[in-house]
Amino acid sequence: MIATILLSFGVIFLAELGDKSQLMALTFSLRYRWWVVLAGISVASVAVNLIAAGVGHFLGTALPAGAIAVVTALTLLAVGVWTLRDALTSADDTETAPEPPSTRNAFLVVISAFMLAELGDRTMFAAAALASNNSWLAVWIGSVAGMVAAGGLAILVGKFAGKHLPERGIAIASGLLFLFFAGKTLLDAFVPGVDGVAALALALLAPAFTGAGVLAWRFSRREREPVDQPAKALP
């Protein structure tokens, strides 16, 4: 059983490196408290890997990847638009982002987005494949540990980067990243023939145009702001 746990941990941890789920964990860590993100990832990992181990061990079939991809993309799109709206509609135009959502709301956002991103992902298929020939309990334990470890690594990177970046810029970048994740999810599910650089380029179209629009909006807003006139000296 220990060997299966270690095998599952290694497979899932390596599969998560550079995956969209790890990038999502990094993005969430730029916006929310680290322990909220880690707790949300842990809960989602427990649920997703339990489904994967159960499916692989008892059924040997996969969940409908197409439908899951659509729901996941819509969720990521909604989170991205929400984040951009909060960043752009704050009262002032300083480099301070609006207050983050409540701990409870952030926790639910992380769980739902991370869980939907993992359903039908390559890591879920890997866990299901391992469970088909090994103890589902050992695979479940090892997969959860590997997924949480990968997420924790991403959170550390995000927190380090967050100390050197302005909060408003982080919020805008987070929103654009979620738009990228939404596009990449749809491409992976429905256009499997497009991969590599081409897939990345297509997925970057939505955040690129949105980012250009954000820059144009902020530039025009600053152009409309009155310039403070220097006070005249008294005679």
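What follows is a set of questions about labels and the cut-offs behind them.

Modeller: This is a predicted model, so local features need pLDDT of at least 70 and side-chain atom pairs count only at pLDDT 80 or more, while totals for chains, interfaces and linings use all residues. Residues are numbered from 1 along each chain as its sequence is written, and side-chain values use heavy atoms, with hydrogens and water left out.

Biologist: What makes residues 20-31 helix α2?

Modeller: Helices are DSSP runs of H or I with at least four residues, numbered from the N terminus. α2 has 12 residues. Its first and last C-alpha atoms are 17 Å apart, close to the expected 16 Å. The expected span is 1.5 Å times one less than the number of residues.

Biologist: Why is Leu 186 called partly exposed?

Modeller: Partly exposed lies between buried and exposed, and exposed means over 50%. Leu 186 has 35% relative accessibility, so it counts as partly exposed. Ala 189 has 33% and therefore gets that label too. The C-alpha atoms of Ala 189 and Val 70 are 8.6 Å apart, though 119 residues separate them along the chain.

Biologist: What makes a nonpolar patch, and which residues form it?

Modeller: Patch residues have over 30% relative accessible area and no salt bridge; nonpolar side chains (Val, Leu, Ile, Met, Phe, Trp, Tyr) are joined within 5 Å. Val 70, Leu 74, Leu 77, Val 81, Leu 186, Phe 190 and Val 191 form the patch. Together they have about 570 Å² of accessible area. α4 gives the most, with 4 residues.

Biologist: Which residues have the most contacts inside the largest nonpolar core?

Modeller: A nonpolar core is a set of buried Ala, Val, Leu, Ile, Met, Phe, Trp, Tyr and Cys residues joined through side-chain atoms within 4.5 Å. The largest has 37 residues, and Met 24, Phe 28, Tyr 32, Ile 41, Leu 76 and Phe 178 have the most contacts inside it. Another core, of 8 residues, lies apart from it and includes Leu 84 and Ile 172.

Biologist: Where does UniProt place "transmembrane region"?

Modeller: The unreviewed entry lists residues 34-55, 62-84, 137-158, 170-191 and 197-217. Such annotations may be inferred rather than shown by experiment. In the model, residues 34-55 are 100% helix, with end C-alpha atoms 31 Å apart.

How values were computed
Helix = DSSP H or I, 4+ residues; strand = E, 2+ residues; numbered from the N terminus. Patch = residues over 30% accessible without salt bridge, like charges linked within 9 Å, V, L, I, M, F, W, Y side chains within 5 Å. Areas by Shrake-Rupley, 256 points an atom, 1.4 Å probe, with all protein chains shown as cover. Salt bridge = Lys/Arg side-chain N within 4 Å of Asp/Glu carboxyl O. Buried < 20%, exposed > 50% of the residue type's maximum accessible area, 1.4 Å probe, protein only.
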